[in-house]
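Thanks for coming. I will go through one structure this morning, and here it is on the screen.

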Amino acid sequence: MSVIISPSLLSCDFANVQRDVEMINASSADWFHIDVMDGVFVPNISFGLPVIEAIKRHAKKPLDVHLMIQNVDPYISDFKKAGADILTVHYEACTHLHRTIQVIKAEGMKAGVALNPHTPVDLLQDIIADLDLVLIMSVNPGFGGQKFINNAVLRVEQTKNLIHRTGSHALVEVDGGVNLQTGAELVEAGADALVAGSFVFNSKDPLATIADLKALK
Ligand code: DX5
Ligand code: ZN
């Protein structure tokens, strides 16, 4: 299976969201990566439910929603209604992570857990069998366009080992600072999915850039 490409709309032109959604529809990308930030868990505020609903009306590919919010549980069914297909929560934000994951799955979404760069991968040992996705952060979450933290490559290998050891079927996705160089290293280390924001939307030809990422494996 070739690597899944999930362009992050955080770097799209917010005055032309429909145009950029249609560009991704026409591209070889697989998912739409949607970054929700609350100004509490991360030092930035992005967008919320009405924007996701609007994207869903035009998107022809699954919505891969990355919640960088502190208080997840009261909003899980709202994200389902807004159109999320995959809902990823941060390990660091969820006190009752097992319950949160069960609720996401009961709502009919795929469930993911994101790890900040400092959070040991092995902390997922007792939840990994329940997960559809692990999101390895290769930057500190909050902003697009940051520099890739190289240790993420090793962390992808550690996550793949944990998945194999436990018989989990989770996919490993990586988010932050992905370009053709870092993407190649991540795919080599076993990444199943790559998020790319500024590398896609700041490029001269986003369709070609997505195709280049897609060709990494
Ligand atoms: C950062 C977000 C990312 C962001 C990635 O907190 O989770 O999805 O859009 O942006 P780039 O690809 O520019 O690092
Ligand atoms: Zn993200």
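**Cavity, zinc site and strands**

Let me start with the lining of the largest cavity: by class it has eleven nonpolar, eleven polar and two charged residues. Ala, Val, Leu, Ile, Met, Phe, Trp, Tyr, Cys and Pro count here as nonpolar, Asp, Glu, Lys and Arg as charged, and the others, Gly among them, as polar.

Before going on, the ground rules. This is a predicted model, in which local features need pLDDT of at least 70 and side-chain atom pairs count only at pLDDT 80 or more, while totals for chains, interfaces and linings use all residues. Residues are numbered from 1 along each chain as its sequence is written, chains are lettered from A and ligands numbered from 1 in the order in which they are written, and side-chain values use heavy atoms, with hydrogens and water left out.

Back to the cavity. A cavity is a set of points, on a 1 Å grid over the protein atoms alone, where a 1.4 Å probe fits but cannot get out, and lining residues have an atom within 4 Å of a point. Grid points are joined across faces, edges and corners, and the volume is the space filled by probe spheres set on the points. The count comes to one cavity of 30 Å³ or more. The largest cavity holds about 210 Å³ of space. Its lining is made by 24 residues, and those nearest the centre are Phe-143, Gly-144, Gly-145, Asp-175 and Gly-176. Two or more lining residues come from each of β2, β3 (63-68), β8 (193-196) and α7 (198-201). Helices (H or I, at least four residues) and strands (E, at least two) are DSSP runs, numbered from the N terminus.

Next, the metal. Which protein residues are donors of the zinc ion, ligand 2? They are His-33 through NE2, Asp-35 through OD, His-66 through ND1 and Asp-175 through OD, and they lie 2.0 to 2.3 Å from the zinc. Donors are N, O and S atoms within 2.8 Å of the metal (3.2 Å for Na, K and Ca); water is not among the atoms, so sites may look incomplete. The sequence spacing of the donor residues reads H-x1-D-x30-H-x108-D. Buried means under 20% relative accessible area, exposed over 50%, and partly exposed in between, with a 1.4 Å probe and protein chains only.

For reference, ideal angles for six octahedral donors are 90 or 180 degrees.

Now the strands. Two strands pair if DSSP finds at least two bridges between them. β2 and β3 run parallel and are joined by six bridges, with Met-37 opposite Met-68 in β3. β3 in turn runs parallel to β4, with three bridges between them, and here Asp-64 stands opposite Ile-86 in β4. Four bridges join β1 to β8, again parallel, and Pro-7 has Ala-196 in β8 as its bridge partner.

How are these strands covered? In a regular strand the side chains alternate between the two faces of the sheet. In β3, six of six residues are buried: Leu-63, Val-65 and Leu-67 on one side, Asp-64, His-66 and Met-68 on the other. Five of the five residues of β4 are buried, so β4 is largely enclosed by the rest of the structure. Ile-86, Thr-88 and His-90 take one side of β4, and Leu-87 and Val-89 the other. Strand β1 (residues 4-7) is also covered on both faces, with Ile-4 and Ser-6 on one and Ile-5 and Pro-7 on the other, all buried.

Last, some single positions. His-96 sits in the loop between β4 (86-90) and α4 (97-106) and, at 47% relative accessibility, counts as partly exposed. Its C-alpha is 9.4 Å from that of Asp-73, 23 residues apart along the chain. Gly-183 is in helix α6 (residues 180-189) and is buried, with a relative accessible area of 0%. Leu-115, in strand β5 (residues 110-115), is also buried at 0% relative accessibility. Leu-115 and Glu-92 are 23 residues apart in sequence and 7.3 Å apart in space, C-alpha to C-alpha.

Notes:
1 Å grid on protein atoms, 1.4 Å probe; cavity = no way out; pocket = protein on both sides within 12 Å on 5 of 7 lines; lining within 4 Å.
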